[in-house]
Amino acid sequence: MEFLVRTKQKISQFLKTLFRKRTCRIGIYGPPNAGKTTLANRIVRDWTGDAVGPVSEVPHETRRVRRKQDVTITGQNGNSLTFDIVDTPGVTTKIDYNEFIEYGFEKEEAVRRAREATEGVAEAMHWLREDIDGVIYMLDSTQDPFQQVNIMMVGIIESRKLPILIVGNKNDLPDASPARIKSAFPQHPVIAISSLEGTNMDELYEKMTAYFG
Amino acid sequence: MIRGVQIDLISAERLDRLTSMEKIRLILDDVMEGNIVVLEKGLAPDEQSKLIEITMREITPDGFSGIEMETYPVKDTPDGFFSRLFGGKRSETRLTVIGPANQLKTIKKEKDLISAWVSSR
């Protein structure tokens, strides 16, 4: 009898594993220094009280993909969404260690950071092709959104048929122009926020639940 | 001796004969030698994604520091009578310029004009 019960439990566990729906993975992508980790930290802090990683004004501070599992957010509309948040290194086509030397690092440390940054970008691209179900594409609202890397990345995300929300960050700064971002990507919803100050996060959460849910 | 920069203009026909990895290797090998590559027809988004990934793996301190690339956004065009009828679209990649990041700089980019500056090594 005990054998039968144990077998039944094992079969039930196997079936649960087999048919369990994987939690959706939302990747935060964008060029270096757009504020991706600040946003990831803001979302995770708002809903779990935890954090994802350190932030800095030095580009490529995030040099590894970081995932925070099972974050549940609720929009003002009452809809909830549970997802894994994937914070990625800033995507670029070039990395020179001299960039880090300009921020005061010794050559050895600058070379190490540059090497880690190249590995991080390659890793982020791999995640996008294999493991991401939706994308928050993050831009610095004070910068030119027409930069090639943005055009290319949005094209890559579109070609994978992934839902994409464009977030114009640093909207607290005087030079911020979310209108410029809207004109660059009229085919996608654009939300203007300041992840540092937490401005307009309610709209972002509402859009996320509607868009990725 | 006159110092200059080699520019390779690669035709759409030649690109069509190559696999994705062959295209990426052709571009990167050329660019890593300090040449500028102009593709008559650009890379598909998936090829661009792989190009970024492989470029990152080729970067070395005091050597290759990556690429500068400029292209126009992919254009969706209806492809033939049946596609038009059923709403299908063909994505058309467009003219693309790729060069070493330390030699090619974009001066101006508009909807219909890319202006770049090239330096010799």
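Trainee: In which sense do strand S1 (residues 24-29) of chain A and S3(A) pair?
Mentor: Strands (E, at least two residues) and helices (H or I, at least four) are DSSP runs, numbered from the N terminus. Two strands pair if DSSP finds at least two bridges between them. S1(A) and S3(A) have 5 bridges, and Gly27(A) stands opposite Val86(A) in S3(A). The sense of this pairing is parallel.

Trainee: What kind of model is this?
Mentor: Residues are numbered from 1 along each chain as its sequence is written, while chains are lettered from A and ligands numbered from 1 in the order in which they are written. Local features need pLDDT of at least 70, side-chain atom pairs count only at pLDDT 80 or more, and totals for chains, interfaces and linings use all residues, the structure being a predicted model.

Trainee: Which residue in the turn between S2(A) and S3(A) has a positive phi?
Mentor: Strand S2 (residues 66-74) of chain A pairs with S3(A) in the antiparallel sense over 7 bridges, with Arg66(A) opposite Asp87(A). The two strands form a hairpin with 5 residues between them. The turn residue with a positive phi, about 90°, is Gly78(A).

Trainee: Is Asp96(A) buried, partly exposed or exposed?
Mentor: Asp96(A) lies in the loop between strand S3 (80-87) and helix H3 (98-101) of chain A. A residue is buried if 20 or more other C-beta atoms, placed from the backbone, lie within 10 Å of its own, and exposed if 12 or fewer do; in between it is partly exposed. Because Asp96(A) has 18 C-beta neighbours inside 10 Å, the class is partly exposed.

Trainee: Which residue of chain B is in contact with Asp96(A)?
Mentor: Contact requires C-beta atoms, placed from the backbone, within 7 Å. Neighbours within four places in sequence are left aside here, and Asp96(A) touches Ala114(A) in its own chain. Its contact in chain B is Ser65(B).

Trainee: Which helix of chain B do the buried residues of H4(A) pack against?
Mentor: The buried residues of helix H4 (residues 107-130) of chain A include Ala110(A), Ala114(A) and Leu128(A). They pack against S1, H3 and helix H5 (148-159) of chain A. The partner in chain B is helix H3 (45-58).

Trainee: Which are the edge strands of the 4-stranded sheet in chain B?
Mentor: This open sheet has the order S1-S2-S6-S3, with mixed pairing. Each edge strand pairs on one side only; they are S1 (7-10) and S3 (67-71) of chain B.

Technical notes:
Contact = placed C-beta atoms within 7 Å.
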